[in-house]
Amino acid sequence: MDAQTAVLDIRDLRTEFVTEEGVVHAVNGISYRLHQGQTIGVVGESGSGKSVSVLSVLRLLPSPPARIVGGEVWFKGQDLLKLPEKEMRRIRGKEIAMIFQDPMTSLNPVLTIGFQIMEPLMLHLHMGKKEARERAIELLHMVGIPEPQKRVDDYPHQFSGGMRQRAMIAMALACQPTVLIADEPTTALDVTIQAQIVDLVKRLRDELGMALIWITHDLGVVAGLADRVIVMYAGLIMEDAPVDELYEHPQHPYTRALLRSLPRMDEEAGRPLETIEGLPPDLLQMPQGCPFAPRCTYVRPECRTQRPPLVEIQPGHRVACWVDLETGALRS
Amino acid sequence: MSQTTDATARSQPLLRVENLVKHFPIRRGIIIQRQVGAVRAVDGVSLHIYPGETLGLVGESGCGKSTLGRTIVRLYKPTRGRVLLRVHNGNGRAQEVDLTDLKGKELRRMRRHIQMVFQDPYASLNPRMSVGQIIAEPLLVHGIGSPQEREERVKELLTLVGLRPSHISRYPHEFSGGQRQRIGIARALALQPDFIVLDEPISALDVSIQAQVVNLLQELQQKFRLTYLFIAHDLSMVRHISDRTAVMYLGKIVELADRDELYQHPLHPYTKALLSAVPVPDPKKEREKQREILQGDVPSPVNPPSGCRFRTRCPLAEAVCAEREPELREVAPRHWVACHLI
């Protein structure tokens, strides 16, 4: 992969939380590159570190309890993890914007929607009030809010869930960021509204040429959206592959099991669902070996003692597993 | 039970819901509260559920599917309409009992036959009670068994749902979401009910845990010939588990049919849009798919649109849709639709 076109280069990122019970190892060394205009889907279950990893990139985690204990995040020639907070504020919202899962708790209930969209415009782009308001109306129109000239003065509670998510997107896109990070933006929404939002983000991404990181637990949503999919488990990348490759030839036992445990609308109904027995590991005591080993059907003795590195098995396809699922042999 | 009664029992519904209405009053005023309106959560629903089947009920948030489930088990008192349950009395005969107006002792007696599993495994188990106490509570309430017998029964139930009998003295916080849902299922099974309302039993769980719980529910259904009303917003899971499927929109059932029929030949424009909105974990199919995207949001159930409630978002709506409310009609054998244009 060409390092020059990467807009975001995450290297060996590690994040921990210090709690009363001990240290929670939330992100345990992940590396990936996001290229210009590319969409990466990051898939994982709760506790897989998918949200914590991107919140670490933007340094949005409260410290304490969180602390970034290692790694680098390269963006436009600088390591974001080393920037002073003041400079970091110039990046957040302007260069890298984020939309969150719950639009109700991430919008300020006592400020109008319009003001919240105008704020980044005045702050980052130094627009005057009048100009910013005009632009806010334009943005609301762009994300499909009917009668934006009227709705711009509404408060968040006057918007429905889907409309709030649209307003969040308008806010995030206000400064035309290079990278948009979407953290489960449709999880709280109904399927028909989810379809509207996915459609909207796709259109805007293509129009504005943004790079996109879409975090989700839903393997269905990213199938139609991402160029590349990263599967996370216990704070580690298990598999990273181009979207078609990942769904057609998953090479990690976890990815395979996950895909087989889903009921699918495009298959005959009633097939018994494959289950993944057991539970994800306790992140207070990360196992020494592969974190998936206790639940894995392909497990070998070495899996329990040595953690498999993430290796490239084909151009653009990385897997962290000792076993080659095609042959059943151990990878050297 | 003799074969003849068994055969008739199979053709007769276990549960009949007739024109069920549940409105929640909206009150205004501090001391003297006047009713100024009503949330029409369930607004005239009729359906039959047959012994041993799973009826899937899908719909988006606010469509009234959970309220319908809760009104059926009489956690809410219906505003209008009736809920009738067929129960076996001691001598092998079945008789229909009207749950609608039951109170106190009589209602409690009927709850032996009809149980519920809730969505949130964190909120539906009392954190101050041990697992043993939680599962034994229905037995205690109904005065079943001696303390030792109850303990034995609880251990048996724990094994049945895939937990260890030694977990009996632990507390809910020591369990994961999936395990908690198993505890909720064990509690629902304690009284050996005929019918269980499953209200979004897996939507709070992670993908890899959902399959475990669904498989357990199916096993238990076969073992004990249980009848389920499975309420969910996840259309692929409902398709997986149900024999027949009903689709709800703003307090009404808009379509009801056998599972394959509904998913392969949906007739109502809302069902069609809903099914087309579900993403499939296959990038090629997703790219080719012509997705029908509904405009706008679900209207408020306080003030639903006149005529057909879906008309404000329906791509096919005509004048008649605003004038008259479409009735749920059987347009093909066992396929019911409420739409003027079909």
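Student: What do I need to know before reading it?

Tutor: This is a predicted model, in which local features need pLDDT of at least 70 and side-chain atom pairs count only at pLDDT 80 or more, while totals for chains, interfaces and linings use all residues. Residues are numbered from 1 along each chain as its sequence is written, and chains are lettered from A and ligands numbered from 1 in the order in which they are written.

Student: OK, how many helices and strands are in chain B?

Tutor: Chain B has 12 helices and 12 strands. Helices (H or I, at least four residues) and strands (E, at least two) are DSSP runs, numbered from the N terminus.

Student: And chain A?

Tutor: Chain A also comes to 12 helices and 12 strands.

Student: How much of chain B is buried?

Tutor: Buried residues are 43% of the 342 in chain B. For chain A the figure is 48% of 332. A residue is buried if 20 or more other C-beta atoms, placed from the backbone, lie within 10 Å of its own.

Student: Now the sheet. What is the strand order in chain B?

Tutor: Chain B has an open sheet of eight strands in the order β6-β7-β8-β3-β9-β10-β12-β11, with mixed pairing. Two strands pair if DSSP finds at least two bridges between them.

Student: Which strands stand at the edges?

Tutor: In chain B these are β6 (114-117) and β11 (329-332); each has a single partner strand, so one side of each is left without a neighbour in the sheet.

Student: What about β3, is it buried or exposed?

Tutor: β3(B) is mostly covered, with five of its five residues buried. B:Thr54, B:Gly56 and B:Val58 point one way, and B:Leu55 and B:Leu57 point the other way.

Student: Why two directions?

Tutor: In a regular strand the side chains alternate between the two faces of the sheet.

Student: How does β3 pair with β8?

Tutor: β3 (residues 54-58) and β8 (residues 227-232) of chain B run parallel and are joined by five bridges. B:Gly56 has B:Phe230 as its bridge partner there, and B:Val58 stands opposite B:Ala232.

Student: And with β9?

Tutor: β3(B) pairs with β9 (residues 244-249) of chain B in the parallel sense over four bridges. In β9(B), B:Val247 is the bridge partner of B:Val58.

Student: Switching to helices. Which residues are buried in α4 of chain B?

Tutor: In α4 (residues 131-141) of chain B, they are B:Val131, B:Ile134, B:Ile135, B:Ala136 and B:Leu139. Their cover includes α5 (147-160) and α6 of chain B.

Student: Last topic: how many residues are in contact between the chains?

Tutor: 35 residues of chain B are in contact with 36 residues of chain A. Contact means that the C-beta atoms of two residues, placed from the backbone, lie within 7 Å.

Student: Which helix of chain B gives the most to that side?

Tutor: α7(B) does, with six residues on the side of chain B that touches chain A.

Key
A residue is buried if 20 or more other C-beta atoms lie within 10 Å of its own, exposed if 12 or fewer, and partly exposed in between; C-beta atoms are placed from the backbone.
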